[in-house]
Amino acid sequence: CMPIFAKEDTEWKGIQSLIGKKVAFEPNLYCITGPLLDEGFDPITQINWYEAASQEERIKAVKEGKVDYALVGTNLNYAVNTDPELKVCTYASDVLPEYSCCRVVASTEWVEQNPDTAKALLRAWIRALSYYDSHHDEAVELLVRETGQTEEYIRAYLDNPHCNINVDPMKSAVDRAWNYMDKLGLLSASASKIDIDEHINTTLYKEALDECQEKYGSENSKFYERMQGQYARNNMN
């Protein structure tokens, strides 16, 4: 749910429109720069990268004409979508569907020593996500109270169909991201030698998902079917 945006009258023909332009986000946003690599571009050298002090400064840079395009995080959807001077050109998830944003990590030693605890955490998160899926409006109300933001602010991203919250390890997506980072030259020499698959544990999540579906599946059967489908798409290779 991260929007790429520009001034309202800016032409947009796809991510190739970024080439040769001044852009306010970082090359390590592989969900954008990776697909540009796939199209034969070198985004590191063919884009003029503008470093802003904050994501709010990226919005200001677009409005002041300092940059042509910018990308901001999910929580700034309200600011971008309600500003008449700006337009959303696309979302990161349209450019690279099911990319591996925000995965849960822990030390290998801890996971190996505490597999039951790790799986219990996963079961709790899966059940929480199932509740969110079937009680969306209640979740909005809870987040309004928790954050002190307005309902309009929260709904600007939680109601957005690009906002895909999940707990899946997303192994194939993590592999893809790691390979993009390597091709972009953003990994250190030692990191580029790492087999990232050795650091992705899909077993505990699958066991937790199966256990939740068996015990609680009747509460939200369509949710568990979707989660099983997502797992099959992203973790079988």
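Predicted model: local features only at pLDDT ≥ 70, side-chain atom pairs only at ≥ 80, totals over all residues.

These entries go through the sheet, a few single residues, and then the pockets.

**Entry 1**

I started with the strands. They form an open sheet of five, with mixed pairing, in the order S3-S2-S4-S1-S5. The edges are S3 (48-49) and S5 (86-91), each of which pairs on one side only.

I also looked for a helix lying against this sheet. H3 (residues 55-63) packs on it, and I find it touching S1, S2 (22-24), S4 and S5. The direction of H3 makes about 30° with that of S1.

**Entry 1: strand S1 and its partners**

S1 got an entry of its own. How many bridges join S1 to S5? I get five, and the two strands run antiparallel. On the S4 side, S1 (residues 3-7) pairs with S4 (residues 69-71) over two bridges, again in the antiparallel sense.

Then I went residue by residue. Ile4 has Leu71 of S4 as its bridge partner. Phe5 stands opposite Ala70 in S4, and Phe5 also has a bridge partner in S5, namely Val88. I checked the cover on this strand too: S1 is mostly covered, with four of its five residues buried.

**Entry 2: Thr90**

Next I picked a residue in S5, Thr90. Is Thr90 buried or exposed? Its relative accessibility is 13%, so I put Thr90 down as buried, the cut-off being under 20%.

What does Thr90 touch, once neighbours within four places in sequence are left aside? I list Met2, Pro3, Ile4, Trp12 and Val95.

As background, most residues other than glycine have a negative phi.

Cys102 has a phi near 60°, a positive value, and it isn't a glycine. I find Cys102 in the loop between H5 (92-95) and H6 (108-113). Its relative accessible area is 65%, so Cys102 is exposed, as that takes over 50%.

Met170 also has a positive phi, about 55°, and isn't a glycine either. Where does Met170 sit? It is in the loop between H9 (151-158) and H10 (171-183). Met170 has 1% relative accessibility, so I count it as buried. Side by side in my notes, then, Cys102 is exposed, whereas Met170 is buried.

At 12% relative accessibility, Asp175 counts as buried. Which residues does Asp175 touch, not counting those up to four places away in sequence? They are Ile196, Asp197 and Ile200.

From there I moved to Ala191, in the loop between H10 and H11. Ala191 is buried as well, at 13% relative accessibility. I also checked Ala191 against Met2: they are 189 residues apart in sequence, and C-alpha to C-alpha they are 27 Å apart in space.

**Entry 3: the largest pocket**

Now the pockets. The largest pocket holds about 1,000 Å³ of space. I count 33 residues in its lining, with Val104, Val105, His199, Ile200 and Asn201 nearest its centre. Ile200 is one I know already, as a contact of Asp175.

Which helix gives the most to the lining of the largest pocket? That is H7, with five residues. H6, H7 (115-134), H10 and H11 (203-216) each supply at least two. As for the kinds of residue, I have 24 nonpolar, five polar and four charged in this lining.

**Entry 4: the second largest pocket**

The second largest pocket has a volume of about 650 Å³. Its lining is made up of 22 residues, and those nearest its centre are Cys101, Arg103, Asn164, Ile165 and Asn166. H7 turns up again, giving the largest share of this lining with four residues. By kind, I note 14 nonpolar, six polar and two charged.

Notes. Residues numbered from 1 in each chain as written. Heavy atoms only, no water. Buried < 20%, exposed > 50% of the residue type's maximum accessible area, 1.4 Å probe, protein only. 1 Å grid on protein atoms, 1.4 Å probe; cavity = no way out; pocket = protein on both sides within 12 Å on 5 of 7 lines; lining within 4 Å. Points joined across faces, edges and corners; volume = space filled by probe spheres on them. Nonpolar A, V, L, I, M, F, W, Y, C, P; charged D, E, K, R; others polar. Pairing = 2+ DSSP bridges. Contact = heavy atoms within 4.5 Å. Axes fitted to C-alpha atoms, helices over the stretch in contact; angles between N-to-C directions.
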